[in-house]
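Let's take a friendly walk through this protein together. Have the sequence and the 3D view open side by side, and we will go from pockets to individual residues.

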Amino acid sequence: MKIKVITLVTLFFLVLSCAKKDKNETTDTMVVDSTEVVVNDDHNARNSLDYMGVYEGILPCADCEGIETILQLENDESYILNTIYLVKTKHINKTKKSNNEVRGVYTWNDAGNTIVLSGIENAPNQFFVGENYLIQLDMDGNKIEGDLAEKYVLQKKSDSGEIPPPPPPPAPDSIKGNFIPQKTLFTFNKWKLVELNGEPVQNTSDSKKEMFIQLNKENRYAAFIGCNNMMGGFELKEDVMRIKFTKGASTMMACPDMTTEQEFAEMLEKVDNYSLNGNSLSFNRARMAPLARFEAMK
């Protein structure tokens, strides 16, 4: 009888130990699953662009020749703003410079596309952040309207001290909340290829058809570069002017000279951003010179 009691007690503790182990394993698994679910997929200028650096430009001025503006943004969210008022003196063809320097910190708006400079009063202190450029906003954080609207742009200097070649796109129609470009990539359906790898292009084939790329809102493209019809898909992040082409397909015609077509296909694999300037479109890689330039087709 004594032996049976000892055996039963031993079995009881063994079962209890296994139950605790199963419970702990279940709890651990749930914690891992919970951790994996918490993912921040927000994509905006703040977390996707290399925006730190020095931006320069001459902004319009109501009572002077212009305001030479130099804004330096640091990784620790501090800034240095130099504004130099250019005033021509009477009877002398010279320009006097009045320099003002402000230092402080900057914060981001909720959408992550606009910075606000602290320590500036009675003057605009908000800038929309784009790929290698800033747009100065008005006192209320809205886009500046009028004939001089496109002049309120500061361009980022490269590591060598030069301004990147691609011009900035036009100012957006709306800054607050979601980004809405003034001209989107789909404003024009077809874009005529005019330059590839820094060289003007000419159609050397017998076909009189223009070389072009056509983009649609289903993120599909079609192109003709002198010989074969090309097609494929692309990924677009229009709020930060990013584009990436997926590997496509083409017809299999053999032509005497397919050099331009091959270079065009290689270019599509390299592109990671684009610029819009009026009726002109360029495909770029990082801050390098444009890989290809296009003009809108009517």
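Before we start, a word on classes: Ala, Val, Leu, Ile, Met, Phe, Trp, Tyr, Cys and Pro are counted as nonpolar, Asp, Glu, Lys and Arg as charged, and the others, Gly among them, as polar. Keep in mind too that you are looking at a predicted model.

With those classes in hand, turn to the largest pocket, which holds about 410 Å³ of space. Its lining is made of 20 residues, and I67, Y85, A123, P124 and Q136 are the closest to the centre. By class, the lining of this largest pocket splits into 14 nonpolar residues, five polar ones and one charged one. Which strands each supply at least two residues of that lining? They are β2 (66-73), β3 (78-88) and β4 (95-108). Of the elements that contribute, β3 gives the largest share, with three residues.

Two elements, β15 (249-250) and α3 (259-270), each supply at least two lining residues. The largest share of the lining of the second largest pocket, five residues, belongs to α3. Sorted by class, the lining of the second largest pocket has eight nonpolar, six polar and three charged residues.

Next, the disulfide. A search of the whole structure turns up one, and the partners are C227 and C255, with their sulfur atoms 1.8 Å apart. The pair ties together distant parts of the chain: C227 sits in the loop between β12 (220-224) and β13 (229-237), while C255 sits in the loop between β15 and α3, 28 residues apart. Is the disulfide right-handed or left-handed? The torsion about the S-S bond is about 80°, so the disulfide is right-handed. The two cysteines can also be described by their accessibility. C227 has a relative accessibility of 8% and therefore counts as buried, the cut-off for buried being under 20%. C255, with a relative accessible area of 21%, is partly exposed.

From here, look at K209, in the loop between β10 (199-200) and β11 (212-215). Is K209 buried or partly exposed? At 38% relative accessibility, K209 counts as partly exposed. Leaving out residues up to four places away in sequence, K209 touches N203, F224 and N229. The C-alpha atoms of K209 and G226 are 7.5 Å apart, although the two residues are separated by 17 residues along the chain.

Q126 belongs to strand β6 (residues 126-130). Q126 is buried, because its relative accessible area is 18%, and buried means under 20%. What does Q126 contact, apart from its neighbours within four places in sequence? The partners are T114, I115, V116, I135, Q136, L137, M139, D140 and G141. One of these, Q136, is also listed among the residues closest to the centre of the largest pocket. N132, for its part, lies in the loop between β6 and β7 (133-136). N132 also counts as buried, with 13% relative accessibility.

Step back now for the whole protein. The secondary structure comes to three helices and 18 strands. Of the 298 residues, 36% count as buried. Among contacts between residues at least 6 apart in sequence, 45% join residues at least 24 apart.

Finally, how confident is the predictor in what you see? The pLDDT averages 76 for the protein, and 71% of the residues score at least 70. Two stretches deserve a second look. Over residues 19-41 the pLDDT stays under 50, and the model shows zero contacts there beyond four places in sequence. Over residues 165-182 the pLDDT is below 50 as well, but this stretch has 58 contacts in the model beyond near neighbours in sequence.

How values were computed:
Residues numbered from 1 in each chain as written. Predicted model: local features only at pLDDT ≥ 70, side-chain atom pairs only at ≥ 80, totals over all residues. Heavy atoms only, no water. 1 Å grid on protein atoms, 1.4 Å probe; cavity = no way out; pocket = protein on both sides within 12 Å on 5 of 7 lines; lining within 4 Å. Points joined across faces, edges and corners; volume = space filled by probe spheres on them. Helix = DSSP H or I, 4+ residues; strand = E, 2+ residues; numbered from the N terminus. pLDDT = per-residue confidence, 0-100. Contact = heavy atoms within 4.5 Å. Disulfide = S-S within 2.5 Å. Buried < 20%, exposed > 50% of the residue type's maximum accessible area, 1.4 Å probe, protein only.
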